[in-house]
Amino acid sequence: LGKLTANIEKMKRILIILFLSLLLVCAGPLKTFARITSFSDGPNELIFLQADRDIYVAGENLFFTVELVNYPTTAETLSEIAYLALRSKHGVIERISFNMDQNRFSGSLYLPDTLSTGYLELICFTNWMRNFDEGFYFKKTILVVNRFDKGLNFIEESNLVENQTELKIYPESGHLVSGISQKLLITTWPETPLPFGEIIILSESGDSIHQVTLNETGWTTLDFFPEPGKSYYARIRGIEKNFVFPQPEFSNHLMQISQKGKSILIKITINHLINETLSIVVSRKGKSLMEFLLTISGLEPYIMEIPVAGLENGAYEFNLIAQDGSVRAKRNWFLDQRAMARLSVSFNQPAFRNREKVEMVVQLEDSGDAIDWVNISVVNRTGMKPQNLSFHSFLLALELLEDVKISPQEAFRLLGGLSHEEINDLFIMPLFPEENLAIKSGEAKRYYRETSHLTLTGRVTEVTNGKPVNDARIILNTPDTIVNLLYSISNGNGFFNFFLDSYYDNREVFLTPDPGTIPGEVKIEVYDKFKFITPFNPTPMMFFPGLRDAIKESQEIAEINKAFGISNTAETQESMTPAEPVRVFSEAVFSINTDDFIPLDDLQEIAREIIGPWRIRRSRSRSTHSLVSQATSNIIDGVPILFVDGIITYDIEPLLKLNSRQIKNIQILNLEWKHGDMHFPGIVAIFTRNEEYRTLDLIPKPVRVFNPAHHFPAKFISPDHSKSASPNTQPDLRQLLYWYSGRPVVQNGSALFIWHTSDLHMEYSISIEGVTKNGSVIKIETQLVNEEK
Amino acid sequence: MKKNKLNLETGSIKPFRHLVLSGLLLGACLTSLFAKAPENKPGQPEPRLSGEVFRVRTETKGSPFFYDHWSPGTVILVSGAEIDDHLLMYNGFIDELIYQHPRTYEIIIADKKLVRGFILKSNGREDVFKKFSHGPWSGIFRTGTYFRVLHEGDISLLVHQKVKKAGEVAEYTDDGPLIKTKLEANPAYYIVLNDGRVFFIKRFNRRAFYKILPENREEVRQAFRNSSLRPQTDGHRAELVKNLDKLIHFNLPEFNKQLNQL
């Protein structure tokens, strides 16, 4: 009995370990990123931002290009206004909004030179995207180094290998098959990513067989030949821990997949003599699409070709299934059939010296096609991460969003920057979750797609119980010498929206509830577009040797540019004339300047002495006022509406103390007046000399919000050294030689781009990305060497 | 002109009930559109009309209005925003646009300085009224009068749909004798050339046009031949000016450009 109890206890322990292991396996991929079930309720628009570099010195300009794309379906209208925030762990540092032209925008953002060294995050989004999870926002981490940070300790700190790093090994088709060369995915991602970690593969006897370095995301692949009967393990340099390989299997199948033109090749190799009938099942999004029966006999590899015509781009699952239903091998594959434009890039000379003119010609090989738009950057390589998200890889990641079921933000972070081949290498590991975790509740949409106007969204609730107030009229004014007014009616959830044109740019706006439309005391809350729910927890970048010197050089360059006042930017003209305000009335019946009269001590005296139609009656409990109608000479029913410096207010009591020294002008509209649905039993507009509205306790108390204007960012300019008169007294130390985004002038299928080299001798990376008129993707990476004179 | 009561109180709009109902229906449709989730409405503000609530009761013989009934139409504000869910009337006696509030049915005189123009839609016709107090004609029409545009081009034909007081008449009612103001339509036509010259035109005959366009006598003759020889209606007059506009080639593109921006 004792033995039995011991066995039961042993079984229990095993079961608990198994259960915990299962939990770990299941929870592993889930904990790192939020998964979403369907994009059918998604924002229909996603945004991509390309910055010129990843590492900056505080005081420099960050140049960026933004692309707004439809995803997954075509929306009737896309937003035309987008927002960009720059934030640190502690909060938002810079915030801008801008108007896009044909879903595109190119501009710059000044990085204040007071920034301390650290990671910052760029967040780009539209107002419409605020209706959805922040996972749909575009986010990019950059490193900003302070000019005076000479220690650069963050480099060592970032390169420290942490002991809790876990390494996983995934064989190409699910099993490690002995006696056959196969691809292995070696990864620290996603649980404990260790970018650029050095991995040593050892045999059971401790002999080092392979050495590999993980990529920036923390994974790599390796062609590996497991010998029969042997076992292997791996180690990470700097960590005293062994990571055991899966045991090579003696009798199993290796399924390898590759893409060749318009076909997918499936190669099945076996390491033992067998005669067996199997089936290959191809599925997508959990649905079986096709099945092929095959009989394998002998040791010869079985090769099968599946035409991809008719298959959509996306991630497919290939399963090799035995007759008993067991899965012998499995592999995920990303099918991408998008056409890549074939083009050539040529220069006017093979290498360049200081301040030489570079003429770059981009020529499409297909004469029936033409360049539609293109982004070009020529930038110092040391300012860039080895793997960088490009527009092309952004589009690749988009293709996979729904299949891999991760948020766009995570997809861009993990898959962006990878080529088609690299994505398929990563797909060796199981990326398809068994269960999906929805991240978005079915909340009502409250934010508008902004096309011509900025919106201001808020909510009105009862102070006593926090319940939303329906049908409350919220009035918006801005301090001005004219009576301006917008109003919005709250919906069942208490939400209200205002559309603000350029009249409200860089102005304070005041929101006042109309007392006749609210049940009692209410709270008005305005939703800050730049308030983010997800905190910024930067993952340190891993740096390559020599970066310290490169950053020091960048600091010196920034210092020199600062001393000479060089920014390589040109301010854009704010061509837009401010919009006209929405006036309640165009002209008052009476307009009285207090300067024309002797000084009077309070408002009642002013009304009595110099404004005939305005009657103010004061009593101990409360004061009232009325107007005599200009049209009928009778007193207008109701209490006239008051405005102080353009801000509406409903109680005269706090204003009574105003005297002639404080008041400059009073306008009286003693007519029954209508503005939209609002009824005014006459209007009294008081304009003060010194913004008295700031100190008066207006009733009801308005909520004050600042409405920042659109950003008209400085554009990048490349100095023209070809001009003979160009003075040589000013240094030209540019990390960014050229930055272009737009539709180039194309002649005979080729486009010419011209810039000048700087005084720096360094390697520049040229990135050309875009789309042709026929929809082919343009993507070319090349180099430009600026040699020393 | 028939006897008309210039009674603009809410209770006296029964004859226009069918129009009010259709207006209400239109309003209901618009309200339902605006009530949809934000995705169906890109960020555009809802423009609003302002004006004085009109409660004065007067009685006249003859109508002060261009149309004697409410017409659906569009109001264009000086900001360029358009409002098209109101019932409108044009009062030629006071040269004001009157609208009916779509929800309270109050009668309101639109704040003229906030209105650029309006369109009255009645029986398949669209009558465009513009106020030329902005742009190149602002110097010509300083008063901010609403003009009905019969033709707009290098040669334009505008009409100020004035209604004048033609005297007073006594009528016997149940309450006893009543003195009423007698009103008469008194339209004033203006030819405006693209160089900014304006001509008041009383009679639509060749001689009048020869005076306006002395260098284009042949074109005037041909235009009269192509159109009705004696234009009696506004339609005929508009057609005549339209023909003239086609025949005469002016060369003042900049002025035209400004004009089109109105």
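**Group meeting: two chains of a predicted model**

I will start with A:F98, which touches A:F64, A:V66, A:E80, A:I81, A:A82, A:Y83, A:L84, A:F105, A:C124, A:H710 and A:H711, leaving aside residues up to four places away in sequence, where contact means heavy atoms within 4.5 Å. Residues are numbered from 1 along each chain as its sequence is written, chains are lettered from A and ligands numbered from 1 in the order in which they are written, and side-chain values use heavy atoms, with hydrogens and water left out.

A:F98 comes up again in the largest nonpolar core, which has 70 residues and in which A:F64, A:F98 and A:F394 have the most contacts inside the core. By nonpolar core I mean a set of buried Ala, Val, Leu, Ile, Met, Phe, Trp, Tyr and Cys residues joined through side-chain atoms within 4.5 Å, and buried means under 20% relative accessible area, with exposed over 50% and partly exposed in between, using a 1.4 Å probe and protein chains only. The element that gives the most to this core is helix α3 of chain A, residues 391-404, with nine residues; helices here are DSSP runs of H or I with at least four residues, strands are runs of E with at least two, and both are numbered from the N terminus. There is also a second, separate core of 27 residues, which includes A:L655, A:L658, A:I668 and A:I686.

As for chain A as a whole, its secondary structure comes to seven helices and 46 strands, and 54% of its 789 residues count as buried. Among its contacts between residues at least 6 apart in sequence, 71% join residues at least 24 apart.

The peptide bond from A:I699 to A:P700 is cis, with omega near -5 degrees, and A:P700 sits in the loop between β39 (678-688) and β40 (703-707) of chain A. A:N103, in the loop between β5 (91-99) and β6 (104-110) of chain A, has a positive phi of about 65 degrees although it is not a glycine, and with a relative accessible area of 28% A:N103 is partly exposed. A:S750 belongs to strand β44 (residues 750-756) of chain A; its relative accessible area is 18%, so A:S750 is buried, and it touches A:V361, A:V362, A:Q363 and A:V745, again not counting residues up to four places away in sequence.

Turning to chain B, we have five helices and 15 strands, and buried residues make up 48% of its 262 residues. Of the contacts in chain B between residues at least 6 apart in sequence, 58% join residues at least 24 apart.

How do two of those helices pack? The axes of helix α3 (residues 217-226) of chain B and helix α4 (residues 234-247) of chain B come within 9 Å and cross at roughly 135 degrees, which makes α3(B) oblique to α4(B). Axes are lines fitted to C-alpha atoms, for helices over the stretch in contact, with angles running from 0 to 180 degrees between N-to-C directions; angles under 35 degrees count as roughly parallel, over 145 as roughly antiparallel, 65 to 115 as roughly perpendicular and the rest as oblique. On the α3(B) side the residues are B:E219, B:V220, B:Q222, B:A223, B:F224 and B:N226, and they meet B:E239, B:L240, B:N243, B:L244 and B:L247 in α4(B).

Next, B:L88 lies in strand β5 (residues 82-91) of chain B and, at 0% relative accessibility, counts as buried. Its contacts beyond four places in sequence include B:W70, B:V75, B:I98, B:Y99 and B:F118, and the C-alpha atoms of B:L88 and B:I109, 21 residues apart along the chain, are separated by 10.0 Å.

Finally, two loop residues of chain B. B:Y105, in the loop between β6 (96-100) and β7 (107-110) of chain B, has a positive phi of about 65 degrees although it is not a glycine, and at 22% relative accessibility B:Y105 counts as partly exposed. B:D195, in the loop between β14 (188-193) and β15 (198-201) of chain B, is partly exposed as well, with a relative accessible area of 38%; B:D195 and B:R206 are eleven residues apart in sequence and 21 Å apart in space, C-alpha to C-alpha.

Conventions:
Predicted model: local features only at pLDDT ≥ 70, side-chain atom pairs only at ≥ 80, totals over all residues.
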